[in-house]
Amino acid sequence: MSKPIIYHIPVCPFSQRVEILLELKGLRGAVEFRVVDITKPRDPHILELSRGTTALPIMDLGGGRVLKESLVILRYVEEAYRELQIARSDAYERGVERLLIDRAGDFTMAGYLMVMNRDRERIGEKREALLGHYAWLDDFLRHHNPDGTFLFERYGLADLVYTPMFMRFWFLDYYEGFDLPVDPAFARVRRWRDACIAHPAAQQVSYEEIVKLYYDYAAGLGNGALGPGRSRSSFAFDPDWRARPMPPKDKYDRIASDEELGLV
Ligand code: GAZ
């Protein structure tokens, strides 16, 4: 049997979740990752596999069997490769794990709306919304594991679902000057966040890469869309992000040119 294929965008937080899970299981080599450039028209073969939707990752298991949605793919990987279990095995603990995972979408959206915002008047409101999510997370972790670091004693499924988002939120540090306030009210979630970011299985992306690739989000442009005067997306593979300068931070005043971003 040939290996399953995951079509993904290398910097996408949703596919990083799957990479982390495979890494934890020691199975990174069991799946073939194929890179998709979202700044180019989608290959018809991939569209056929996903049956028309464009969001990645998708996992092609062969024989017409395709899964999408990162959380669904995570469950599949967990259940298909049972040798080393990462999700909790106790039924109650699985429930607690799911309660935390269920909030990840709203948390992600709050950070994303904050980086996409270009209206100075709304900075405070975006900040409060995101802090509300961090406060909820802090309370949840304090309740379920007050003295620990992760949700349970070791880095698990719920932790790895959030980790790529904590890393994407480096764009908030860079473009919005936002970090979790150093305040006892956020101490528990900060400990968790920092340990998730530092976990050896989660080192697929770097601060510099996130900041450079997500410039267009900070400029209010989603997934490969182009702003005025721009001919290339910050998500382009070429020139490589390593060869580009750090982007300007003045997103509330103007949108940088291709030249300034090192895209041409
Ligand atoms: N629900 C899907 C999943 O797999 O969990 C979401 C997948 C998804 O949005 N994938 C994006 C995609 O394929 C790439 S990653 N877009 C191309 C297309 O044609 O649809 C980051 C965010 C965020 C939304 C997206 C991303 C991102 O906040 O990096 O915040 C950090 C896109 C809502």
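Predicted model: local features only at pLDDT ≥ 70, side-chain atom pairs only at ≥ 80, totals over all residues.
- S70 has an N or O atom in its side chain that is 2.6 Å from an oxygen atom of the ligand.
- Y214 puts a polar side-chain atom 2.5 Å from an oxygen atom of the ligand.
- On its own, the ligand has 740 Å² of accessible area, and the protein covers 83% of that.

**Where the ligand sits**
- Two elements each give two or more residues to the shell around the ligand: α1 (13–25) and α5 (104–116).
- Of these, α5 supplies the largest share of the shell, with 3 residues.
- In total, 20 residues surround the ligand, and the closest are C12, L56, E69, S70 and Y214.

**A look at S50**
- You'll find S50 in helix α2, which covers residues 44–50.
- Is S50 buried or exposed? Its relative accessible area is 3%, and the cut-off for buried is under 20%, so S50 counts as buried.
- Leaving out residues up to four places away in sequence, S50 touches I58 and K68.

Terms used. Residues numbered from 1 in each chain as written. Heavy atoms only, no water. Helix = DSSP H or I, 4+ residues; strand = E, 2+ residues; numbered from the N terminus. Buried < 20%, exposed > 50% of the residue type's maximum accessible area, 1.4 Å probe, protein only. Contact = heavy atoms within 4.5 Å. Near = heavy atom within 4 Å. Polar contact = N/O pair within 3.5 Å; in protein donor to acceptor, adjacent residues only side chain to side chain. Areas by Shrake-Rupley, 256 points an atom, 1.4 Å probe, with all protein chains shown as cover.
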